[in-house]
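This report looks at one residue and its surroundings, then at the nonpolar cores and the confidence of the model. Please keep the sequence and the structure in view.

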Amino acid sequence: MLAAVLTASADSRFDAVEYSVTDLGQGIYRLEASGGNIGLSIGEDGAFLIDGQYAPLTPKLLKAVGDLTDQPVKFLINTHWHGDHVGGNANLAATGAVVAAHNNVRSRMAAPGPKQYPEEALPVITFSDTTTWYLNGLKIHAFHVEHAHTDGDAIIHIPEANIIHAGDILFNGLYPYIDLDSGGSVDGYIAAMEQLAELANEETQIIAGHGPLGNKADVKRSIALVKDAKSRVAALVKAGKSLDEVQAADPLADYHADWAWRFITAEKMTAILYRDAAGE
């Protein structure tokens, strides 16, 4: 069954992609390839994955996990519903992994339309506010943050190891993607980052959804960026400017060199902030 799933999901765009693995200590690793960064806990209870990236990468992901442990992937939690985080769900479920996520992740994945996922990809365990695993000698605590990157975001905290997987609540050193069409909001995103900063101390290792391994100072920099960017664009919206006029004014010009990237360009970041401020 797994071989058929993997063959069906093959995609030559990922042929050259390889996994980079960072050992964070206490059997916890950060895995980076293409898409959202993955968290992994391994130990005598099995392998626990935080996000699974794209479906075509599952064979390489399983090899990367297999290079670290002979234990199977028993659990997978999705930090939200975007394809670069949930794309591997069906493949991993076919190997026996139990998939969990916030209620809204399953709802959005199951909703009829062009982005609907098959039944086998859907989380089989869902939660509304928090859920906790006790595995590999660790407490793995997931909690929901409301209307932030989406309406189904979860932050994963492993307190004994002082490690947090932030999902896309942190785009480390990058303009964040705030998905307004999936229930996200700028104020909710700022509030979620503030929760993340409050949870961390100066030694906390934070796996960002995108970007390098982060820390509390990185979260504070991102908070400052989004607050200031929101204020600049909101002032122009309040003055009655159209989106074209706001983009022509380029209110975030001094940030672009450091924060703009392939997916969230200067124009896209400005448009997100405009739509949010204008209530569109």
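## Placing H102

In which strand is the place of H102? H102 sits in strand β6, which covers residues 98-102. The model is predicted.

Is H102 buried or exposed? H102 has a relative accessible area of 4%. Buried means under 20%, so H102 is buried.

## Surroundings of H102

Leaving aside residues up to four places away in sequence, H102 touches T126, F127, S128, H144, D151 and G152.

## Nonpolar cores

The largest nonpolar core holds 41 residues. Within this core, I169, Y175, L196, V219 and L252 touch the most other members. Both strands and helices supply two or more residues each: β9 (138-145), β11 (163-171) and β12 (205-210), together with α6 (186-199), α7 (216-238), α9 (253-259) and α10 (266-278).

V219 belongs to the largest core. Which residues does V219 touch, not counting those up to four places away in sequence? They are L170, M193, L196, A197 and I206.

## Confidence

The protein averages a pLDDT of 96. A pLDDT of at least 70 is reached by 96% of the residues. Residues 1-8 have a pLDDT below 50. In the model, that stretch has eight contacts beyond near neighbours in sequence.

Technical notes. Residues numbered from 1 in each chain as written. Predicted model: local features only at pLDDT ≥ 70, side-chain atom pairs only at ≥ 80, totals over all residues. Heavy atoms only, no water. pLDDT = per-residue confidence, 0-100. Contact = heavy atoms within 4.5 Å. Helix = DSSP H or I, 4+ residues; strand = E, 2+ residues; numbered from the N terminus. Buried < 20%, exposed > 50% of the residue type's maximum accessible area, 1.4 Å probe, protein only. Core = buried A, V, L, I, M, F, W, Y, C linked by side-chain atoms within 4.5 Å.
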